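Please look over the structure below together with the briefing that accompanies it. The notes are arranged by topic, for reading beside the model.

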Amino acid sequence: MSSSGVVRRGIHYLQKLKAANIPSDLIEKGQNRVIDASLTLIRERAKLKGELVRALGGALASTSLLGVPLGHNSSFLQGPAFAPPRIREAIWCGSTNSATEEGKELNDPRVLTDVGDVPVQEIRDCGVDDDRLMSVISESVKLVMEEDPLCPLVLGGDHSISFPVVRAVSEKLGGPVDILHLDAHPDIYDCFEGNKYSHASSFARIMEGGYARRLLQVGIRSITTEGREQGKRFGVEQYEMRTFSKDCHFLENLKLGEGVKGVYISVDVDCLDPAFAPGVSHIEPGGLSFRDVLNILHNLEGNLVAADVVEFNPQRDTVDGMTAMVAAKLVRELAAKMSK
């Protein structure tokens with residue numbers, strides 16, 4: 001069943017319960033038990049992985065994957081909900097070795113661990129609304145961060161997940177971060193199609209909340225008047241593809257995070273030209289090359305504290321999983337960047 005089908009089933013089921021005069025407190029208690037169980041699983045997995053990394057010793061920061069298979073806030077296709085397992089499969093598929101370009105070994109737990117997925121569809125199937133769901137995602141990220149030296153690298157999912165993740169990172173660290181956002185779109189609509197949690201509005205929520213000092217958006221090539229106005233409103237540094245040849249030297253030598261709590265990187269796979277990554281919901285020609293993206297990431301100077309890779313849509317990928325491998329490579333290189 002598709003993710004939208006699961007959502008409809010859950011909502012319909014809840015409506016039937018209400019129509020049958022089932023007490024609302026009974027439903028809420030049941031929802032709370034499901035949420036508590038979900039958080040317990042993340043907590044215990046993070047605790048185990050943190051203990052392992054600490055026992056091995058020598059790690060100041062260690063990347064830990066957290067999947068958030070959410071797709072219902074997409075304005076077009078909901079396939080990104082199926083991305084986390086496909087990315088994991090590509091990371092460990094055996095077609096390449098475990099070394100990153102910078103020479104770190106992914107099979108070393110001090111470089112990469114995995115705490116599993118937030119069970120988004122199971123929670124929504126219980127009728128939990130997006131306000132509470134976003135809180136569950138934020139709490140899950142905090143549970144990872146509580147296990148020093150784990151740092152979350154979140155696998156989306158659509159881009160709506162960046163808001164609760166950045167919120168959690170900023171709240172846990174006690175202040176704003178600088179954000180490098182790679183995307184074909186600015187995702188800064190005030191409330192796209194009436195949905196404040198739309199994947200097209202995530203960075204409006206982040207900036208409103210004061211969770212970022214600087215927001216640099218790179219790869220932009222589909223932006224409306226509202227996108228530009230919102231950018232000006234929040235003081236966003238927007239770098240469009242039409243001027244990339246002029247901007248690339250600056251973008252490949254970024255220094256971020258000084259005076260704040262660190263750097264957060266959000267990579268929407270559609271920042272890449274579709275020649276490199278066709279498996280996305282919103283295909284926008286004229287994007288970054290894969291090497292452009294790696295140059296920006298590798299050369300960035302700053303303390304990377306968390307990141308996400310979002311908007312890979314397996315339902316639009318090539319039969320041989322080309323975009324899954326691209327997303328996996330992004331995850332591998334970000335893991336190497338974050339681990340110290």
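Predicted model: local features only at pLDDT ≥ 70, side-chain atom pairs only at ≥ 80, totals over all residues.

Residues are numbered from 1 along each chain as its sequence is written, and side-chain values use heavy atoms, with hydrogens and water left out.

The chain has 11 helices and eight strands, where helices (H or I, at least four residues) and strands (E, at least two) are DSSP runs numbered from the N terminus. Its radius of gyration is 19 Å, close to the 20 Å that the globule rule gives for 340 residues, so the chain is as compact as a globular protein of that length; the radius is taken over C-alpha atoms, and the rule is 2.2 Å times the number of residues to the power 0.38.

**Overall form and surface**

- Taken along the principal axes, the box filled by the C-alpha atoms of the chain is roughly 65 × 50 × 45 Å.
- Of the 340 residues in the chain, 58% are buried, where buried means under 20% relative accessible area, exposed over 50%, and partly exposed in between (1.4 Å probe, protein chains only).
- Among the contacts in the chain with a separation of 6 or more, 79% are between residues 24 or more positions apart, a contact being heavy atoms within 4.5 Å.
- Carbon and sulfur atoms contribute 52% of the accessible surface of the chain, which comes to about 13,800 Å²; accessible areas come from the Shrake-Rupley method with a 1.4 Å probe, and for residues only the protein chains shown count as cover.

**Charges and salt bridges**

- The chain carries 38 positive and 47 negative charges, whose mean positions are 3 Å apart; Lys and Arg count as positive and Asp and Glu as negative, without His and the chain ends, and each charge is placed at NZ of Lys, CZ of Arg, CG of Asp or CD of Glu.
- Side chains of opposite charge can pair when their charged atoms come close.
- A search of the whole structure finds 18 salt bridges, each defined as a side-chain nitrogen of Lys or Arg within 4 Å of a carboxyl oxygen of Asp or Glu.
- One of them pairs Asp190 with Arg205, with 3.6 Å between the closest N and O atoms; this pair links distant parts of the chain, 15 residues apart, with Asp190 in the loop between strand S4 (177-182) and helix H7 (202-208) and Arg205 in helix H7.
- Asp190 is partly exposed at 34% relative accessibility, whereas Arg205 is buried at 11%.
- Glu237 and Arg214 form another salt bridge, their closest N and O atoms being 2.8 Å apart, and because Glu237 lies in strand S6 (residues 237-240) and Arg214 in strand S5 (residues 212-220), the pair ties together parts that are 23 residues apart in sequence.
- Both Glu237, at 22% relative accessibility, and Arg214, at 24%, count as partly exposed.
- Glu240 forms a salt bridge with Arg228, at 3.0 Å between the closest N and O atoms; Glu240 lies in strand S6 and Arg228 in helix H8 (residues 225-234), so this pair ties together parts that are 12 residues apart in sequence.
- Glu240 counts as buried at 11% relative accessibility, while Arg228 is partly exposed at 32%.

**Surroundings of Val267**

- Val267, found in strand S7 (residues 263-268), is buried, with a relative accessible area of 0%.
- Leaving aside neighbours within four places in sequence, Val267 is in contact with Leu182, Asp308, Val309, Val310, Leu330 and Leu334.
- Ser162 is 105 residues from Val267 along the chain, and their C-alpha atoms are separated by 9.9 Å.

**Backbone features**

- Most residues other than glycine have a negative phi, and most peptide bonds are trans.
- The peptide bond from Asp148 to Pro149 is cis, with omega near 10°, and Pro149 is placed in the loop between helix H5 (130-145) and strand S3 (150-156).
- Gly156 and Gly157 are also joined by a cis peptide bond, with omega about 10°; Gly157 is in the loop between S3 and helix H6 (162-173).
- Glu193, although not a glycine, has a positive phi of about 55°; Glu193 lies in the loop between S4 and H7 and is exposed, with a relative accessible area of 64%.
- Glu311, likewise not a glycine, has a positive phi of about 70°; Glu311 lies in the loop between strand S8 (304-310) and helix H11 (322-338) and counts as buried at 3% relative accessibility.
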